[in-house]
Amino acid sequence: MPKGCLVITVSGLAGSGTTTLCRNLARHYGFKHIYAGLIFRQMAEEMGMSLQEFQEYAELHPEIDREVDRRQVEAAKECNVVIEGRLAGWMVKDADLKIWLDAPIMERARRVARREGISVEEAFVQIAEREKGNRKRYLNLYGIDIDDKSIYDLIINTAHWDPDGVFAIVKAAIDHLYPDGDAGSGANPGNKK
């Protein structure tokens with residue numbers, strides 16, 4: 001693994017495997033795992049609200065989204081951290097490695113259905129509605145098109161690999177990472193001109 005201070009972002013849509021990957025990275029490398037859901041829960045507690053109450057409040061107060069994102073950016077100032085969130089790659093502009101996990105919506109719906117104990121059809125509808133709403137919200141709040149993947153260093157279709165396979169791919173990327181720049185430029189310590 002490269003020495004120094006690494007900041008990695010992991011983004012993806014519901015059911016793509018972001019939490020599983022982040023937990024595996026945190027366990028293997030000793031990274032601190034920061035995720036939007038944790039920040040959201042902390043904010044609910046700070047305001048003395050249940051999670052459900054705070055979710056309803058947040059829907060009417062866009063400053064909550066901005067604060068969650070601000071706290072993710074703040075967390076990126078730490079060393080050896082993996083930050084999970086749909087907008088993490090956009091918010092943490094100077095991350096060393098930005099990862100996007102993807103899978104076809106029916107595969108993601110099956111995963112969410114298993115996790116939540118609901119039907120695949122119900123999961124599909126929830127995911128489709130949430131993604132449509134989120135896309136609109138991100139465009140309105142930040143001018144970010146969540147469908148634009150151009151900022152990511154590594155995009156993985158998690159339907160092709162199990163969690164161990166996805167971890168192995170990301171581990172290889174991290175273990176060969178040159179956080180100071182382009183390894184092909186000849187400007188890094190491992191390259192001789």
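This is a predicted model: local features need pLDDT of at least 70, side-chain atom pairs count only at pLDDT 80 or more; totals for chains, interfaces and linings use all residues.
Partly exposed here means a relative accessible area between the buried limit of under 20% and the exposed limit of over 50%. Asp 145, at 26% relative accessibility, therefore counts as partly exposed.

Asp 145 has a partner. It forms a salt bridge with Arg 135, with the closest N and O atoms 3.0 Å apart. Asp 145 sits in the loop between α7 (120-142) and β5 (154-157), and Arg 135 in helix α7, so the contact ties together parts ten residues apart in sequence. Arg 135 is also partly exposed, at 30% relative accessibility.

The whole structure holds 13 salt bridges. One of them joins the side chains of Glu 78 and Lys 32, at 3.5 Å from N to O. Glu 78 lies in the loop between α4 and β3, while Lys 32 belongs to strand β2, so this pair ties parts that are 46 residues apart in sequence. Glu 78 is partly exposed at 32%. Lys 32 is partly exposed at 42%.

Another salt bridge brings Glu 46 and Arg 71 together, at 2.8 Å from N to O. Glu 46 is in helix α2 (residues 36-46) and Arg 71 in helix α4, 25 residues apart. Glu 46 is exposed, with a relative accessible area of 55%. Shared partners join Glu 46, Glu 67, Arg 70 and Arg 71 into one network of salt bridges.

Now the strands. β3 pairs with β1 in the parallel sense, over four bridges. Thr 9 has Ile 83 of β3 as its bridge partner. β3 also pairs with β2 (residues 32-35), again parallel and over four bridges. There, His 33 stands opposite Val 82 of β3. In a regular strand, side chains alternate between the two faces of the sheet. In β3, Val 81 and Ile 83 point one way, Val 82 and Glu 84 the other, and all are buried.

Which cysteines form a disulfide? Cys 5 and Cys 79 do, with their sulfur atoms 2.3 Å apart. The link is left-handed, with -115° about the S-S bond. Cys 5 lies in the segment before β1 (7-12) and Cys 79 in the loop between α4 (63-75) and β3 (81-84), so the bond ties together parts 74 residues apart in sequence. Cys 5 is partly exposed at 33%, and Cys 79 is partly exposed at 47%.

Cys 22 is buried, at 0% relative accessibility.

Note on methods. Residues are numbered from 1 along each chain as its sequence is written. Side-chain values use heavy atoms; hydrogens and water are left out. A disulfide is a pair of cysteine sulfur atoms within 2.5 Å. Helices (H or I, at least four residues) and strands (E, at least two) are DSSP runs, numbered from the N terminus. Buried means under 20% relative accessible area, exposed over 50%, partly exposed in between (1.4 Å probe, protein chains only). Two strands pair if DSSP finds at least two bridges between them. A salt bridge is a side-chain nitrogen of Lys or Arg within 4 Å of a carboxyl oxygen of Asp or Glu.
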